[in-house]
Amino acid sequence: MANLNTVAHLLMIIAGIIMYVLGSIGNILNICVFIKWSRPRTTAGNGHHNANQTNNSPLYLLASSIANLMVIIYPLLTRIIYDGFNHLISPNQVILLCQIRYFILHTSDLMSLTCFCMATFDRYLITSRNVHLRHMSTTRQLTKIIILLIFILISLHSIPVAIYYQVSSAGQCFISSSSYQYYYLYILLLLFHGILPIIFLSIFGSLTYKNLKTLQGQTHAHVTHDKQLSRMLFLMSFAIIISSIPYCMEQIYEVMYTDSNSQQSSLVYLLHIISLILFYTNPVSNFYIYFISTPNFRHELKKLFHYNKHTHHFVHNQIHTTIT
């Protein structure tokens with residue numbers, strides 16, 4: 001089944017490079033938008049809140065986008081090199097291509113998923129008709145502390161990944177501790193990267209969608225923006241759930257059926273590549289889901305590019321005037 005291996009390598013190269021470019025651009029633009037949206041709300045002269053600055057969700061989405069960019073810049077790039085070009089790792093590359101890579105991958109991906117779950121939970125609180133639930137939404141200062149604590153805890157949790165990853169005689173990264181390998185597979189991969197986010201986003205995504213339906217008749221500017229932001233998170237939650245299920249199934253299959261013959265192994269390898277591509281669609285696709293689903297997000301991008309164009313035009317005219 002050499003043809004299947006060739007298809008798998010080509011698929012990883014082509015899809016991986018496209019995802020790398022689109023994901024890098026998308027998350028950089030996400031960061032620019034969420035930096036503006038995460039600023040404190042201001043009050044306009046008419047007494048209404050500025051609809052482009054709402055609550056804590058943009059803070060969580062900003063942290064999630066930064067983490068997604070980290071996943072794309074290094075782990076996705078090295079994955080293209082591994083599976084696309086069939087690169088074999090030498091022992092002197094173990095720190096850079098195994099230990100640091102998997103530390104960044106799991107720290108950043110868990111950071112992204114956790115912050116996205118927190119943003120979804122915050123949207124559920126904000127859109128609830130229950131006053132007590134709405135008051136549970138934290139202050140901006142506390143939200144920043146929560147994000148920092150999430151990063152510290154996940155980083156500490158990922159330290160064993162950097163310790164136990166080594167290079168095999170076949171030039172592949174592997175976990176040297178058999179006991180930690182079970183924890184890595186069942187707890188870190190299946191539970192933290194798969195089952196828990198799927199359950200959490202399924203529950204609170206559905207509850208948020210239910211809350212949104214109760215806001216159908218409200219047309220105030222800040223309510224409209226909150227509805228768009230909540231809908232954007234709901235659609236992204238659905239995308240995360242859909243892309244995570246094949247990855248979890250592939251990991252379970254890998255453990256249960258280790259005695260595959262060569263023909264099955266080629267097919268399993270192709271399915272492994274497909275599940276990896278789906279796994280990396282999470283950090284890549286968020287910008288495009290936000291852009292398609294949310295008019296306010298598109299409007300903010302237009303303002304961003306218009307501002308940059310206006311600034312460039314102003315500076316160019318100033319330079320021209322000075323030279324003249």
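# Helices, a bend and selected polar residues

Q: How many residues does helix H7 have, and what does it reach from its first C-alpha to its last?
A: In this predicted model, helix H7 covers residues 178-213, which is 36 residues. Its reach from first to last C-alpha is 49 Å, close to the 52 Å expected at 1.5 Å a residue.

Q: Where does H7 bend?
A: The bend is at Leu 191 and amounts to about 55°.

Q: Which spans does UniProt give as "transmembrane region"?
A: The unreviewed UniProt entry places that feature at residues 12-38, 59-82, 102-121, 142-163, 183-209, 229-247 and 267-292.

Q: What are the helix and strand percentages for residues 12-38?
A: Residues 12-38 are 96% helix and 0% strand, and their end C-alpha atoms lie 36 Å apart.

Q: And what about residues 229-247?
A: That span is 100% helix and 0% strand, with 27 Å between the end C-alpha atoms.

Q: Turning to Ser 293, which helix is it in?
A: Ser 293 lies in helix H9, which comprises residues 262-293.

Q: Is Ser 293 buried or exposed?
A: Ser 293 counts as buried because its relative accessibility is 14%, and the cut-off for buried is under 20%.

Q: Which residues is it in contact with, leaving aside neighbours within four places in sequence?
A: Ser 293 is then in contact with Arg 231, Met 232, Leu 235 and Arg 298.

Q: What does the side chain of Ser 293 reach?
A: The side chain of Ser 293 reaches the backbone oxygen of Ile 289 at 2.7 Å. There is also a polar contact of 3.1 Å between the side chains of Ser 293 and Thr 294.

Q: Which residues touch the most other members of the largest nonpolar core?
A: They are Phe 34, Leu 61, Tyr 184 and Phe 297, in a core of 74 residues.

Q: What is Leu 61 in contact with?
A: Beyond its neighbours within four places in sequence, Leu 61 is in contact with Phe 34, Phe 116, Ala 119, Leu 229, Met 232, Leu 233 and Tyr 290.

Q: Now Ser 112: where is it, and is it buried or exposed?
A: Ser 112 is in helix H3. It is buried, since its relative accessible area is 7%.

Q: Which side chain makes a polar contact with that of Ser 112?
A: The side chain of Asn 68 does so, at 2.6 Å. Not counting residues up to four places away in sequence, Ser 112 touches Ser 64, Ala 67 and Asn 68.

Q: Where does Asn 86 lie?
A: Asn 86 lies in the loop between helix H2 (57-85) and helix H3 (94-127). Asn 86 is partly exposed, with a relative accessible area of 46%.

Q: Finally, which helix holds Asn 5, and which residues is it in contact with?
A: Asn 5 is in helix H1, residues 2-37. Apart from neighbours within four places in sequence, Asn 5 is in contact with Ser 266 and Tyr 269. The C-alpha atoms of Asn 5 and Tyr 269 are separated by 7.3 Å, although the two are 264 residues apart along the chain. Asn 5 counts as partly exposed, at 27% relative accessibility.

How values were computed. Residues are numbered from 1 along each chain as its sequence is written. This is a predicted model: local features need pLDDT of at least 70, side-chain atom pairs count only at pLDDT 80 or more; totals for chains, interfaces and linings use all residues. Side-chain values use heavy atoms; hydrogens and water are left out. Helices (H or I, at least four residues) and strands (E, at least two) are DSSP runs, numbered from the N terminus. Buried means under 20% relative accessible area, exposed over 50%, partly exposed in between (1.4 Å probe, protein chains only). Contact means heavy atoms within 4.5 Å. A polar contact is a pair of N or O atoms within 3.5 Å; within protein, one must be able to donate a hydrogen and the other to accept it, and residues adjacent in sequence count only if both atoms are side-chain atoms. UniProt positions are given in the numbering used here, feature names are shortened, and annotations may be inferred rather than shown by experiment. A nonpolar core is a set of buried Ala, Val, Leu, Ile, Met, Phe, Trp, Tyr and Cys residues joined through side-chain atoms within 4.5 Å. The expected span of a helix is 1.5 Å times one less than its number of residues. The bend at a residue is the angle between axes fitted to the seven residues ending there and the seven starting there.
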